[in-house]
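This report covers a helix pair, the salt bridges and the model confidence.

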Amino acid sequence: MIEMVKLAHEHTNEDCLKLVTIFQSLPEKDLKRVSEIVSEHHFRGGEFLYHAGDSADTLMIVAHGQAKVYQIAANGKEQMIRILQTGDFDGEAALFENNDRNSFAQALMDTDVCMISRTDFQQLMTDSPKLAVNMVNAFGQRITQLEQQNTEVTTSSVESRLASYLLETSAGLNDERFTLPLKKKDIATYLGTTPETISRKLTKMSDDNLLENKGLKVKILDSDGLSMLV
């Protein structure tokens with residue numbers, strides 16, 4: 001059962017919504033109306049945000065933390081789809097379609113999530129046609145930004161993407177010393193490279209005194225230096 005608690009990092013529902021691109025362009029009064037239908041949930045590391053087969057009836061916004069989204073292949077192995085970081089969201093189609101989940105989402109650390117149910121969202125659209133138009137425009141902007149992000153992923157270096165991942169993970173755990181929540185092969189899948197490349201880049205960052213690395217254990221020594229790589 002999902003535990004309803006106060007989020008670990010103090011913020012309002014509006015703050016949570018402002019993390020997400022599709023809501024950032026909304027006028028303040030519309031943002032306030034949307035915030036009234038948001039519920040807050042906390043997942044401990046290892047807990048599932050959802051399972052395959054669950055009803056996909058909720059938009060989820062990661063307010064703080066990290067979760068992996070994956071499917072189970074025919075051979076029983078996990079196939080990573082993506083990582084949800086702070087500010088990422090999942091299930092926007094659930095606001096308009098009535099489908100079941102075909103993947104799993106599992107918290108990789110303590111993770112705070114804001115949720116909007118399809119029923120509440122669609123009622124809000126009915127009550128406020130102007131807000132509905134604003135949301136359609138916001139979704140259009142989101143599509144354009146996703147195209148830009150895809151271009152950046154293909155043009156940015158692996159070193160840059162890895163440095164960003166390490167910094168985001170450290171921020172999520174609020175600690176410069178941590179155990180990577182993902183295996184190197186999963187990090188490689190997420191960053192679009194190979195496990196061997198991940199190992200080489202970690203070794204180079206260690207040689208450059210940016211971090212200490214022993215297996216999956218990492219200690220960031222120079223966060224500013226890592227930020228310069230992003």
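Helices H6 and H8 are roughly perpendicular to each other (an angle of 65 to 115 degrees; under 35 is roughly parallel, over 145 roughly antiparallel, the rest oblique). Their axes, H6 over residues 158–173 and H8 over residues 195–207, come within 10 Å and cross at roughly 75°. Axes are lines fitted to C-alpha atoms, over the stretch in contact for helices, with angles from 0 to 180 degrees between N-to-C directions. Helices (H or I, at least four residues) and strands (E, at least two) are DSSP runs numbered from the N terminus.

This is a predicted model, in which local features need pLDDT of at least 70 and side-chain atom pairs count only at pLDDT 80 or more, while totals for chains, interfaces and linings use all residues. Residues are numbered from 1 along each chain as its sequence is written, and side-chain values use heavy atoms, without hydrogens and water.

The whole structure has seven salt bridges (a side-chain nitrogen of Lys or Arg within 4 Å of a carboxyl oxygen of Asp or Glu). The table lists some of them.

| Pair | N to O distance |
|---|---|
| Glu 78 and Lys 68 | 3.0 Å |
| Arg 101 and Asp 90 | 3.0 Å |
| Glu 159 and Lys 204 | 3.9 Å |

Glu 159 lies in helix H6 and Lys 204 in helix H8, so this pair ties together parts 45 residues apart in sequence. Glu 159 is buried at 18% relative accessible area, whereas Lys 204 is partly exposed at 39% (buried is under 20%, exposed over 50%, partly exposed in between, with a 1.4 Å probe and protein chains only).

The mean pLDDT of the protein chain is 85 (the predictor's confidence in each residue, from 0 to 100).
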